[in-house]
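Subject: Structure handover

Hello,

Here is the structure we spoke about. Please open it first, then read the notes below.

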Amino acid sequence: MKSIGLPEIIVLLAALVCIAIPAVMIVAGCRISRRAGYSQWWGLMCLLPVTLLVWICYLGFRPWPAEQGRSI
């Protein structure tokens with residue numbers, strides 16, 4: 001059986017990074033959505049770059065449900 005060489009290790013590390021980055025983005029998006037008072041499912045918008053920009057603009061310029069009833 002052939003041992004694993006440097007090219008295989010590089011490919012495995014690249015695959016792990018390609019899986020880890022979207023997972024972290026989804027978790028962060030869900031937490032931000034929940035803290036803003038929106039459904040956690042809105043955090044899935046982080047998967048598509050254009051919808052992520054729209055979601056950031058929406059959160060930035062709309063009043064948050066979590067802030068209703070308290071003065072800023």
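In which segment is I4 found? I4 sits in the segment before α1, a helix that covers 6-36. Please keep in mind that this is a predicted model.

I4 is exposed, because its relative accessible area of 59% lies over the 50% cut-off. I4 also belongs to a nonpolar patch on the surface, together with L6, I9, I10, L13 and L16. The accessible area of this patch is about 620 Å² in total.

Now the overall picture. The chain has 2 helices and 0 strands. Its C-alpha trace spans about 65 × 20 × 20 Å along the principal axes. The radius of gyration is 19 Å, whereas a compact globule of 72 residues would have one near 11 Å. Buried residues account for 14% of the 72 residues. The accessible surface is about 6000 Å², and carbon and sulfur atoms contribute 75% of it. Of the contacts with a separation of 6 or more, 36% are between residues 24 or more positions apart.

Last, the cysteines. The number of disulfides is 0. C18 is in no disulfide, and the nearest cysteine sulfur, that of C46, is 17 Å away. C18 is exposed, with a relative accessible area of 58%, whereas C30 is buried, at 17%.

Regards

Conventions: Residues are numbered from 1 along each chain as its sequence is written. This is a predicted model: local features need pLDDT of at least 70, side-chain atom pairs count only at pLDDT 80 or more; totals for chains, interfaces and linings use all residues. Side-chain values use heavy atoms; hydrogens and water are left out. Helices (H or I, at least four residues) and strands (E, at least two) are DSSP runs, numbered from the N terminus. The radius of gyration is taken over C-alpha atoms; the globule rule is 2.2 Å times the number of residues to the power 0.38. Buried means under 20% relative accessible area, exposed over 50%, partly exposed in between (1.4 Å probe, protein chains only). Contact means heavy atoms within 4.5 Å. Accessible areas come from the Shrake-Rupley method with a 1.4 Å probe; for residues, only the protein chains shown count as cover. Patches are made of residues with over 30% relative accessible area and no salt bridge: like charges are joined within 9 Å, nonpolar side chains (Val, Leu, Ile, Met, Phe, Trp, Tyr) within 5 Å. A salt bridge is a side-chain nitrogen of Lys or Arg within 4 Å of a carboxyl oxygen of Asp or Glu. A disulfide is a pair of cysteine sulfur atoms within 2.5 Å.
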